[in-house]
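Hi everyone, thanks for making the time. Please have a look at the sequence and the fold on the screen, and then I'll walk you through them.

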Amino acid sequence: MKGVALVTGASRGIGRATALQLAKDGFAVAVHCLHSIDEAEAVCHQIRANGKQAQTYLCDVADTAAVHRMVQDIQLALGPITALVNNAGIAQQKLFTDITPEEWHRMMAVHVDGIYNTCHAVLPEMIRNHAGTIVNVSSMWGQTGGSCEVHYSTAKAAVIGFTKALAKEVGPAGIRVNCVAPGVIKTDMMAGFDEETLSALAEETPLCRLGTPEDVANAVSFLVSEQAGFITGQVLAPNGGTVI
Ligand code: NAP
């Protein structure tokens, strides 16, 4: 099953690598992001240079109406969405007692409302077509909890619960829903960490390095593929062995 992949947050980092990989796998790709139009256009350009279709879409995943409009636009321009990768995300390191109500709600809105919005918009057609697969991007902090990231960890744990419940519900309709829970991956999201902290994190990793966006993209590509045809409701963890 190929077709059209929507990758949210695909202007940079993990989403960008995933969009490029899914294009290599044969998908036409809707390259989505919030603001970074030039970066998203560059991803599309690279995909088109390799002979595949790609189109840029901008919207806030937390905005229900905007997500529904985007999905309609993608269906009209590229065709039915057969693979949805919910990757868009934000991070923040803060003591729990310093997290404001606005920061708390924004974290939930982007990660939890975001996947509700995209899945709600995409699933009716997937169910009608009895075909489709969804991969949600969680985090190892959603599995173990991260100090000074209580709101992020809560949202990412919710992504895992969402994945498992939805997998059970839409499995009979022929739709698989899985999750990846990456460890520390070198992207803009880690830009706030100094080199010393990053090398300490690499040292704590059994495979002795930080992850790359491609490490995660390869895991997503597998979960989307027909080789993963009997896998649903699972959490695949490209984390170098940090969480076992
Ligand atoms: P990144 O480099 O910071 O990129 C984030 C992407 O999400 C960008 O494309 C950004 O769009 C988009 N985005 C952010 N907020 C959005 C919103 N409200 N609506 C739509 N798009 C939005 O992040 P990354 O490191 O690749 O992370 C990607 C995913 O992996 C996130 O869900 C993150 O939580 C998860 N993750 C990352 C790590 C890590 O160590 N990096 C580890 C585990 C899990 P703009 O470019 O327009 O801002």
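Let me start with a cysteine: is C208 buried or exposed? C208 counts as exposed, because its relative accessibility is 58%. For the cut-offs, buried means under 20% relative accessible area, exposed means over 50%, and partly exposed is in between, with a 1.4 Å probe and protein chains only.

A word on what you are looking at. This is a predicted model, in which local features need pLDDT of at least 70 and side-chain atom pairs count only at pLDDT 80 or more, while totals for chains, interfaces and linings use all residues. Residues are numbered from 1 along each chain as its sequence is written, and side-chain values use heavy atoms, with hydrogens and water left out.

Staying with cysteines, C148 counts as partly exposed, because its relative accessibility is 29%. As for disulfides, meaning pairs of cysteine sulfur atoms within 2.5 Å, the structure holds 0. C148 also has a neighbour to point out: Q93 is 55 residues away in sequence, yet the two are 5.3 Å apart in space, C-alpha to C-alpha. Q93 sits in the loop between β4 and α4, and it counts as partly exposed because its relative accessibility is 41%. When I say helix or strand, I mean DSSP runs numbered from the N terminus: H or I with at least four residues for helices, E with at least two for strands.

Now to the strands. I call two strands paired if DSSP finds at least two bridges between them. Strand β1, residues 4-7, pairs with β2 in the parallel sense over 4 bridges, and V7 is opposite V31 of β2. From β1 the chain passes through α1 to β2, a right-handed β-α-β crossover. Right-handed here means that, with the strands pointing away from the viewer, the path from the first strand over the helix to the second runs clockwise.

C33 has L58 of β3 as its bridge partner. Helix α2, residues 37-49, carries the chain from β2 to β3, and that crossover is right-handed too. How many of the residues of β2 are buried? The count is 6 of 6. On one side these are A28, A30 and H32, and on the other V29, V31 and C33.

Next, β5, residues 132-137. Here 6 of the 6 residues are buried, so the strand is largely enclosed by the rest of the structure. G132, I134 and N136 point one way, while T133, V135 and V137 point the other. Together with helix α4, residues 101-129, β4 and β5 form a right-handed β-α-β unit. β5 also runs parallel to strand β6, residues 175-180, through 6 bridges, and G132 faces I175 there.

Finally, the empty spaces. Rolling a probe the size of a water molecule over the atoms shows where empty space is left. On a 1 Å grid over the protein atoms alone, a cavity is a set of points where a 1.4 Å probe fits but cannot get out, and a pocket is an open set with protein on both sides within 12 Å along at least five of seven lines; lining residues have an atom within 4 Å of a point. Grid points are joined across faces, edges and corners, and a volume is the space filled by probe spheres set on the points.

The largest pocket has a volume of about 990 Å³. It has 44 lining residues, and those closest to its centre are G89, I90, A91, T187 and M189. Elements giving two or more residues to this lining are α1, β2, α4, α6 and α7. The second largest pocket has about 250 Å³, and among its 17 lining residues T205, R209, G211, N239 and G240 lie nearest the centre.

Of its 13 lining residues, N86, A88, V110, H111 and I115 lie nearest the centre. α4 gives the largest share of that lining, with 4 residues.
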